[in-house]
Amino acid sequence: MTAAPEQVDRSTDVVDVAREQVLERGVGLTEAQVLEVLELPDDRISDLLALAHDVRMRWCGPEVEVEGIVSLKTGGCPEDCHFCSQSGQFPSPVRSAWLDIPGLVKAARQTADTGATEFCIVAAVRGPDKRLLSQVRDGIKAIRDDGNDIQIACSLGMLTQEQVDELVAMGVHRYNHNLETARSHFPNVVTTHSWEERWDTLRMIRDAGMEVCCGGIIGMGETLAQRAEFAVQLASLEPDEVPLNFLIPNPGTPYENYPVVEGADALRAVAAFRLALPRTILRFAGGRELTFGDLGAKQGMLGGINAIIVGNYLTNLGRPAVQDLEMLDELSMPIKALSQTL
């Protein structure tokens, strides 16, 4: 005799709970609820992604924010972030290098030409010294003198209050500083500084009126419970943007032999983070090409993502920007216009 199919208890099913809690009321999932989402079987992924897309459309709208990034200082970082090929503590092939001001202006112009509204200046440092801040200041002035009004963000490591104030005076409207992973897992990923030090920088950024960009990397040996922990820790920060990266096992790093995150797990993570952060810009960032491929990228864009980095990443190649722009056009997703208030 054939057993009857197992019935899902819709009164407690997390997807139905999220439909009422997140979609209808805009209240993000709790840590326990996020974990339930991450543990859903593969045959529920389509329903989950559809709900996450509905949440994104209701609370964020149809527009997609497009961003380009460039490294002002590459390599030679003194920190030991185990995922990063720019750490000077690991035998990775990346070596220290600086980008000159004309190169920065060219990169900003090329980024604007793709239709991107955001240009992020990144440096591989623990925190900026006077030389680096001076180069950032000169670079921003040169970009503006070039007639480029693209919004400028920075990612320069941990900051002091004085440095935060300097960046505000330069016109930097958004600052990226990733928490990277759950607080409980962070000591397994970085030992040269603490999760709390990163949090302090983010608090100063928020208090200074800059937008906060803070995300992390999926696939660094964390448990599903720690992924859920991370999602709600980000939600408590109330960031304006969360870049969602997927581990690229870079040669020479302690994580070079870690497996690539499987597509189904990555899609569950995308949806779970959207349901934990219904009003936040959720950006596809590093590792999506390796983890998803073309089909999976479209599924992610229809599963809660509403921002994307185009072109190359800091030390890893991305897809040509035109391919991502064609994908957005195919999905009928309009690119967000430059904000007139910043």
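In which strand is the place of Cys120?

Author: The place of Cys120 is in strand β3, which covers residues 118-123; strands (E, at least two residues) and helices (H or I, at least four) are DSSP runs, numbered from the N terminus. This is a predicted model, in which local features need pLDDT of at least 70 and side-chain atom pairs count only at pLDDT 80 or more, while totals for chains, interfaces and linings use all residues. Residues are numbered from 1 along each chain as its sequence is written, and side-chain values use heavy atoms, with hydrogens and water left out.

Cys120 counts as buried, at 5% relative accessibility; buried means under 20% relative accessible area, exposed over 50% and partly exposed in between, with a 1.4 Å probe and protein chains only. Not counting residues up to four places away in sequence, Cys120 touches Glu67, Gly68, Ile69, Val70, Ala153, Cys154 and Ser155, where contact means heavy atoms within 4.5 Å.

An unreviewed UniProt entry lists Cys120 under "binding site", together with Cys213 and Arg283. UniProt positions are given in the numbering used here, feature names are shortened, and annotations may be inferred rather than shown by experiment. The listed residues are spread over 164 residues of sequence, yet they cluster in space, with a largest C-alpha distance of 13.4 Å.

Cys213, from that record, is found in strand β6 (residues 211-213). Cys213 is buried as well, because its relative accessibility is 6%. Leaving aside neighbours within four places in sequence, Cys213 is in contact with Arg174, Tyr175, Asn176, His177, Asn178, Leu202, Glu241 and Pro243.

Among these partners of Cys213 are Arg174, Tyr175 and Asn176, and strand β5 comprises residues 174-176. The loop between β5 and α7 (195-207) holds Thr181. Thr181 is buried, with a relative accessible area of 2%. Beyond residues up to four places away in sequence, Thr181 touches Phe186, Val189, Trp195, Met220, Glu222 and Phe230.

As for the whole, the protein chain has 11 helices and 10 strands. Of its 342 residues, 56% count as buried. Among contacts between residues at least 6 apart in sequence, 76% join residues at least 24 apart. The accessible surface of the chain comes to about 14500 Å², of which 52% belongs to carbon and sulfur atoms; these areas come from the Shrake-Rupley method with a 1.4 Å probe, and for residues only the protein chains shown count as cover.
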